[in-house]
Amino acid sequence: MSLLRVENLRIRFATARGVATVVDGVDFSMQAGEALAIVGESGSGKSQTALAIMGLLEEGAQVEGRICFDDRELLGLPAPEMARRRGAGIAMVFQDPMSSLNPHLTIGTQMAEGLIHHRGASRTQARAASLRMLDAVQLSDGARRLAQYPHELSGGQRQRVLIATSLLCEPRLLIADEPTTALDVSVQAQIVALLAQLRRELGLSLLLIAHDLGLVAELCERSLVMYAGRAMESGPTREVLAAPAHPYTRALLAARPRIGGGSGRLEAIEGTAPDPARRPNGCAFHPRCRQAADRCTQQVPSPRVVGTRQSVCHFDGAGAVR
């Protein structure tokens, strides 16, 4: 039985330009203990998918499909019941730790809140658990950290606090939305190593939202590549990155900076992602795809198996029309 199952997920918002479809028929599942990455450019629908799982979409969002966690349907759950599952069953770490922490409350007060709310812990019990978790995320001098305010910590320290806070109620699934984007390179490496260690020690399932393909390669066994709200390619991370079947995945890899790559320009993906309220006909990627044919402009491609992966493209991995 899957720990998390997302089926035909669609998310729409009414805008002045019309109805914007930000997620369009996405399907995936996760097993207990697995790490899955959702990859794509900004605006591809990655974060909206994560927010739908957490029940944190903006007011006015129109959501269709199914989201089942531990064999329980999450969509349509009453707000109090969803709040009980949020933090205790599923937790989320956001990309900007400064905006995720309340500047007016101490770290200790913010960490204790979840344990008191979800587990009925006393202040003393919550403090002891918070100290243990700060030690687990390798943040030194825990007693002093609990008395500090967010602005007194560095970006890396704040991100460790967020990770510690998210794990206090022992969730089975951790959603990490671009957890290293706001950090410098050396701290990014520390956070990646920390997440990998916590997965091993706690048996966590990890849903990673990312555009950093190097981070994905280090942390995740499987990857789902999204563009314009749709799944373009999915499969084992090693195969997706080594021999991508979809032109969009290949374009993402070509645009990635490489150590020792010389002074040549990066191979940027031409054009911009489409307006969610004005999607092109056919394959959403065709206006930017160097491989696009007439068929791509008219017909939405169906998912097809290409080796170990699934690709939503009219062409096979070798470039032949299917």
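Here, buried means under 20% relative accessible area, exposed over 50% and partly exposed in between, with a 1.4 Å probe and protein chains only.

This is a predicted model, in which local features need pLDDT of at least 70, side-chain atom pairs count only at pLDDT 80 or more, and totals for chains, interfaces and linings use all residues. Residues are numbered from 1 along each chain as its sequence is written, and side-chain values use heavy atoms, with hydrogens and water left out.

1. Tyr227 and Phe285 are both buried. Rings of Phe, Tyr and Trp (its six-membered ring) pair if their centres lie within 6.5 Å; planes under 30 degrees apart count as stacked, over 60 as edge-to-face and the rest as tilted. The structure holds three aromatic pairs. In one of them, the ring centres of Tyr227 and Phe285 are 5.1 Å apart with the planes at 80°, so this pair is edge-to-face. Tyr227 sits in strand 9 (residues 222-227), while Phe285 sits in the loop between helix 11 (247-254) and helix 12 (294-298), 58 residues apart. Helices (H or I, at least four residues) and strands (E, at least two) are DSSP runs, numbered from the N terminus.

2. **The partner in helix 11.** The rings of Tyr248 and Phe285 also have centres 5.1 Å apart, with planes at 65°, so they are edge-to-face. Tyr248 lies in helix 11 and Phe285 in the loop between helix 11 and helix 12, so the pair ties together parts 37 residues apart in sequence. Relative accessible area is 0% for Tyr248, and Phe285 counts as buried at 2%.

3. **Thr249.** Thr249 is found in helix 11 and counts as buried at 3% relative accessibility. Its side chain makes a polar contact with the side chain of Glu233 at 2.7 Å. A polar contact is a pair of N or O atoms within 3.5 Å; within protein, one must be able to donate a hydrogen and the other to accept it, and residues adjacent in sequence count only if both atoms are side-chain atoms. Leaving aside neighbours within four places in sequence, Thr249 is in contact (heavy atoms within 4.5 Å) with Val225, Glu233, Val240 and Pro244.

4. Eight strands form an open sheet of mixed pairing, in the order 6-7-8-3-9-10-12-11. Two strands pair if DSSP finds at least two bridges between them. The edges are strand 6 (90-93) and strand 11 (303-306), each pairing on one side only. Strand 10 (residues 230-236) and strand 12 (residues 309-312) pair in the antiparallel sense over two bridges, and Ser234 stands opposite Gln310 in strand 12.

5. **Strand 8.** How many residues of strand 8 are buried? Six of the six (residues 205-210) are, so the strand is largely enclosed by the rest of the structure. Ser205, Leu207 and Ile209 point one way, and Leu206, Leu208 and Ala210 the other. Strand 3 (residues 35-39) pairs with strand 8 in the parallel sense over five bridges, with Ile209 as the bridge partner of Ile38. Strand 7 (residues 173-177) likewise pairs with strand 8 in the parallel sense over five bridges, and here Leu208 is the bridge partner of Ala176.

6. **Helix 1.** Seven of the nine residues of helix 1 (residues 46-54) are buried, so this helix is largely enclosed by the rest of the structure. Among them are Lys46, Thr49 and Met54. Gly55 follows helix 1 and has a positive phi, near 70°.
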